[in-house]
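Dear colleague,

Please find below the structure that I promised to hand over, followed by an account of what was found in it.

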Amino acid sequence: MIHSLFLAKEKAGDPENVAPVLQTPHHYLISIYRDKLFFVSVTQTEVPPLFVIEFLHRVADTFQDYFGECSESVIKDNTVTVYELLEEMLDNGFPLATESNVLKEMIRPPTILRSVVNTLTGGSNVGGTLPTGQLSNVPWRRVGVKYTNNEAYFDVIEEIDAILDKSGTTVFAEIQGVIEACVKLSGMPDLTLSFMNPRLLDDVSFHPCVRFKRWESERVLSFIPPDGNFRLLSYHVSSQNLVAIPVYVKQNISFLETGSCGRLDITIGPKQTMGKMVESLMVTIPMPKSVLNVNLIATQGTYTFDLSTKVLLWDIGKLNPQKLPNLRGSLSVQPGAPKPEENPSINIDLKIQQLAISGLKVSRLDMYGEKYKPFKGVKYVTKAGKFQVRT
Amino acid sequence: MTDSKYFTTTKKGEIFELKAELNSDKKEKKKEAVKKVIASMTVGKDVSALFPDVVNCMQTDNLELKKLVYLYLMNYAKSQPDMAIMAVNTFVKDCEDPNPLIRALAVRTMGCIRVDKITEYLCEPLRKCLKDEDPYVRKTAAVCVAKLHDINAQLVEDQGFLDTLKDLISDSNPMVVANAVAALSEIAESHPNSNLLDLNPQTINKLLTALNECTEWGQIFILDCLANYTPRDDRESQSICERVTPRLSHANSAVVLSAVKVLMKFMEMLPKDLDYYGTLLKKLAPPLVTLLSAEPELQYVALRNINLIVQRRPEILKHEMKVFFVKYNDPIYVKLEKLDIMIRLASQANIAQVLAELKEYATEVDVDFVRKAVRAIGRCAIKVEQSAERCVSTLLDLIQTKVNYVVQEAIVVIKDIFRKYPNKYESVIATLCENLDSLDEPEARAAMIWIVGEYAERIDNADELLESFLEGFHDESTQVQLQLLTAIVKLFLKKPTETQELVQQVLSLATQDSDNPDLRDRGYIYWRLLSTDPVAAKEVVLAEKPLISEETDLIEPTLLEELICHIGTLASVYHKPPSAFVEGSRGVQHKRLPGSAGSGESVESPDTGSAAGASDAPPAVIPSQGDLLGDLLNLDLTPPATTGPPPPATSGLQLGAMDLLGGGLDSLMGDESEPPPIPLRTDTPQSPQVLHQSPSPPDYSPTELGGDLGGSSAMGAGFGAPPPAAAAAPFSAPVSGGLDDLFDLGGGVGMPMGAYSPPKTVWLPAMKGKGLEISGTFARRAGVIQMEMTLTNKAMSVMTDFAIQFNRNSFGLAPAGPLQVLTPLSPNQSIEVALPLSTVGPVMKMDPLNNLQVAVKNNIDVFYFSCQYPISMLFVEDGKMERQVFLATWKDIPNDSEAQFQIADCRLSSDAASNKLQGSNIFTIAKRTVDGQDMLYQSTKLSNGIWVLAELRVQTGNPNFTVCLKCRAPEVAQCVFQSYEAVLKN
């Protein structure tokens, strides 16, 4: 059964290319590939695959949350906790508790201190009482939360997915945004978050805590937050709106028809940055397999070329508008090999602090239901998602 | 201090040591030992020997230890059923624990122990837990019922757990409701007819309320359950939609997709002119787009579903083309799906963008993806006529790259473009011919050969080109061989003088040196054609081909409807109905979309049928060549109605069929509006000699065919004295080797019987007829409806002066002449009378529809009786609809005018069924085979012009047929179905 998964993996070459739903003679394998691990579920009956995939991701999220990372060694190191978690999360194919705060009340995450204490006292990491969130109308929040410092932070993170063609024209661009929250507030706070320009948000997915009716009628986010870190909202600014592209790329990658070399020349400059600094700029180019090596000079930053994967990586850092970074030089191609058929694509990574490129701005955060005054903060950051320039 | 240490104890005597530790007094030691046991279990070591020791640890108040022991129990109880009993007491005790967590845990674990003896003990605790005061316990118990049902369904029913479960749908706690729904849905899946989820407006309302309050997983169960409900009217439909739409903004993509399913289904019921309908359409696009920014696995499932949605409602995503543009680092399975959807969304408005993208993809690294991109360019050309020229030039650019697989793929699609736009782009042939040598894939070679054959007159060295392929004839794949045979025959018909040798060579290669029956059959058909009547051969082989349609690879409409009802399920990922692949789904019910509102018009009007545009071709008396060939095609060579001709399939038989069409016979299919020839042939002795057709009417049989063949002086005579035009083809090859094939061919045709006529039944018993007994039946003979009666005189006196009259009836049946009883009927004498009927009499709707009230008079009295005629008597000979018309009509008739019936225990193959039905003027227009299920598309016309369209589904090995009838006058469906059953079973 699992053998067929490995077969599929072998066939696909790259494990990322294994199709998520596989059919074997008697079963269906639904899998996800995350952190170099396959999470597989086996079913014999009709089941919504998205349901299973979502659940598998939730399992991986939970491991990540509990153990700080999600790897083979971590799972082995914590087998018993993993077992206990799976037991609590799933019953005969029915998901039970998947909210992190509910789980944490039933099974405490391992910490070094606790395992030492448990060893000495024979205590257990399994809670003995029914988690309060399990059945309440706000299953995501437990009661009796107490903090000395009450604080609520919101990060507006936007990623630009874009495809630019050879001439720099935008073929396709859209923004994937999320608002990640870190809320540490005592009691049962009821929050309201409002925006300067809520019209931008026409395609949104909410955390279950958000009251949909209020959003529909008033365009404000009203919610009783879960305790700790959670994703409040994800949104999508579609390709039909104009999406600002923060950098331009002037590039020329060419291979000679005969002879064994090619040329590369790339310059990056700022385009629509709204006056902000572009940071952590990085360029990745998967070169054709026949490229043996590169001989380039970078005016800024450093470049590396991985001889086995043929990936050229140019780490630039900050983009200085006065002195544009440039990378140029020659590519040596395997002698006798034909001119590469494909055009490599240039992938850009970047980060702009204090800017949500869609223009989204939080106007205010109000709290009801509790008396204390919390610290509040909103941070904005824009990153490149799948940002690709064709050559 | 990590758990991995548990994995490393591999020394000998491990089990012994563990045993000691499990029995230790120290709690901590015990727990550590159980952890070690669990770890060993995980890596597959057999630790079942420790069963009693582990079970001993069960009685503890340490919850973690308890959970671990439960875990162990679930794993090993099945292999140690007797020992598992030891645990029962603790379970029962735990089910009464004051801590709800423990109660729930106990009932949950018991449900997972699949040992019969344990299940008996489970019932009482489970009953208590289902009514527990704590909702956490109730919701756990609800799931437990489903588990128990899986182990012992009868027990669950006997104990009345199903009713308790149904009651839980009205529970005050939304989580309990959700789990009850989930459990019931799971149970219902294995009992399709149990009507467990009896959905009515009240329960729906409860579900909708719970929907807002339960967890995301519960929402999915509830939404999937809602999707099975059929609202009473459009208003209810709208109100449910309104309450479901907020789910589209949920962060869980499975919730979103289940909500999409409910909306897609209920939308069918909303009138299209309703404002809300438009609003709903607009609301559906953003969530679908958002699904595409999720993890790749989710994207994949979403894309497979979007593929269905854009086929059903292209308007939803028509402006969202760009989100389907392929990104460089998408996994390949996402790339291929996106490409598919891009083509579906391609239109004149966005074609330039799409083409630019596709051209970009064609230079990517991944070979599969590049191929599909090239193919997509061809599909665009066929779909969007305005872009054809641009597509062709893009393809030419790609051919210039000389990349081997790109060139081959391009040639395959250019062939399709030629089929769609004949005589437009032939200027590129020269470029194509340059690449002849680089083609090494069968499909590309076959495509190129087709092009050369089709345009032989414009290619100076066509004969040389084809000859070059002929050298390695036997090494080629069947696909190429068949195509080569056809191409050379075409060449010969176009340039007869220079290519005799070539055609002779290929025919002998195909008929004598090949083991492939398809190839031999085709070789013989051409051979006979060419030798008998080259002019006819030309008409057949070089006939104009129907244009291929852009509708290639669209999912067949009924299947699509069913799949829309299964959005989000495995079925939607595989694009197959669940019944086709889900193991253990015993008799999954086919789901259908509800019909749209306000289409209830179904007045019986004779005009609606003919309005569908069927041709009123006069019944042909003499079967033409077309008929004969049409006949052959009727076997099962007929490609499915919805798919266009190529791409050629790879399976042998199918392939032969397709190619035969490609060879020119398909034109005959396309314009064949005449009635099918078979029933006529039985009545027309003057059918001319076409091919080797013998004019032997009803007893025409394979043997006859063979004999006739032999009779044609072993073909040699035909060759010896060739008709003038055939002089160019001096065949002399012996033919004996091929006779068997022709026998086969004949055998396959099979003769349909005449129209079905039920046995006579007594209509008027002598008791009521004052001694006159009438029994009778109806028959349709040579297009005339006859009432065939046996009149028996059981009285003592002679009867004379017979006359007959009908009351007004549904189809205007009336005697076409007087009742011919010429001689007086003496006592104890019987006579047979056949009364021809016409259908132009006065009409009045009867109940049942096929009821006929008759009055018979004689010298004694007037007698009344009523009888029912099989409606198949009214099926007229020209009831064969054209495919296109059929397709259009089928789509056009609203779904609520559709009726579905089962014919049980009918052990016929689909071909035999088709033949039988054809005898009663139910004509098969197309046939397709999906997953071992044959679907026959059939049409029938009633004497009053009403058309009835049918889909007959025959699953190999399953004696139950499904008939799906669509008609603008749905009242006739029942009667038509009865005829189906009668015809098929007799």
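**A covered helix in chain B**

The buried residues of α13 in chain B are B:E216, B:W217, B:G218, B:Q219, B:I220, B:F221, B:I222, B:L223, B:D224, B:C225 and B:L226, where buried means under 20% relative accessible area, exposed over 50% and partly exposed in between, with a 1.4 Å probe and protein chains only. This helix spans residues 216–226 and is mostly covered, 11 of its 11 residues being buried; helices (H or I, at least four residues) and strands (E, at least two) are DSSP runs, numbered from the N terminus. The cover over those buried residues includes α2 (49–67) and β5 of chain A, together with α11 (174–190), α12 (201–213), α14 (234–244) and α15 (253–267) of chain B.

Before going further, please note that this is a predicted model, in which local features need pLDDT of at least 70 and side-chain atom pairs count only at pLDDT 80 or more, whereas totals for chains, interfaces and linings use all residues. Residues are numbered from 1 along each chain as its sequence is written, chains are lettered from A and ligands numbered from 1 in the order in which they are written, and side-chain values use heavy atoms, with hydrogens and water left out.

**The two chains**

Chain A has 391 residues, of which 53% count as buried, and its secondary structure comes to 7 helices and 21 strands. Chain B has 986 residues, 59% of them buried, with a secondary structure of 41 helices and 13 strands. If one takes the contacts (heavy atoms within 4.5 Å) in chain A between residues at least 6 apart in sequence, 69% join residues at least 24 apart; in chain B, residues 24 or more positions apart account for 69% of the contacts with a separation of 6 or more. Chain A exposes about 17800 Å², with carbon and sulfur atoms supplying 53% of it, while the accessible surface of chain B comes to about 38100 Å², of which 52% belongs to carbon and sulfur atoms. These areas come from the Shrake-Rupley method with a 1.4 Å probe, and for residues only the protein chains shown count as cover.

**Two positions in chain A**

A:E99 sits in the loop between β5 (94–95) and α5 (100–106) of chain A, and, leaving aside residues up to four places away in sequence, A:E99 touches A:P139, A:W140 and B:E216. This glutamate is buried yet has no salt bridge, the nearest side chain of opposite charge being A:R58, 5.5 Å away; a salt bridge is a side-chain nitrogen of Lys or Arg within 4 Å of a carboxyl oxygen of Asp or Glu, and in assigning charge Lys and Arg count as positive and Asp and Glu as negative, with His and the chain ends not counted.

A:A244 is found in the loop between β11 (228–237) and β12 (247–255) of chain A, and counts as buried because its relative accessibility is 9%. A:A244 touches A:I160, A:Q272, A:M274 and A:I357, again not counting residues up to four places away in sequence.

**Salt bridges**

The structure holds 58 salt bridges over all chains. One of them pairs A:D161 with B:K327, the closest N and O atoms being 3.7 Å apart. Since A:D161 lies in strand β6 (residues 151–164) of chain A and B:K327 in the loop between α17 (296–312) and α18 (332–345) of chain B, the pair joins two chains. Both A:D161 and B:K327 are buried.

Within chain B, B:E454 forms a salt bridge with B:K490, with the closest N and O atoms 2.8 Å apart. This pair links distant parts of the chain, B:E454 being in helix α24 and B:K490 in helix α26 (residues 478–494), 36 residues apart. B:E454 counts as buried at 15% relative accessibility, and B:K490 is likewise buried, with a relative accessible area of 1%. Elsewhere, salt bridges that share partners join B:E268, B:R312, B:R313, B:E315 and B:E561 into one network.

With kind regards
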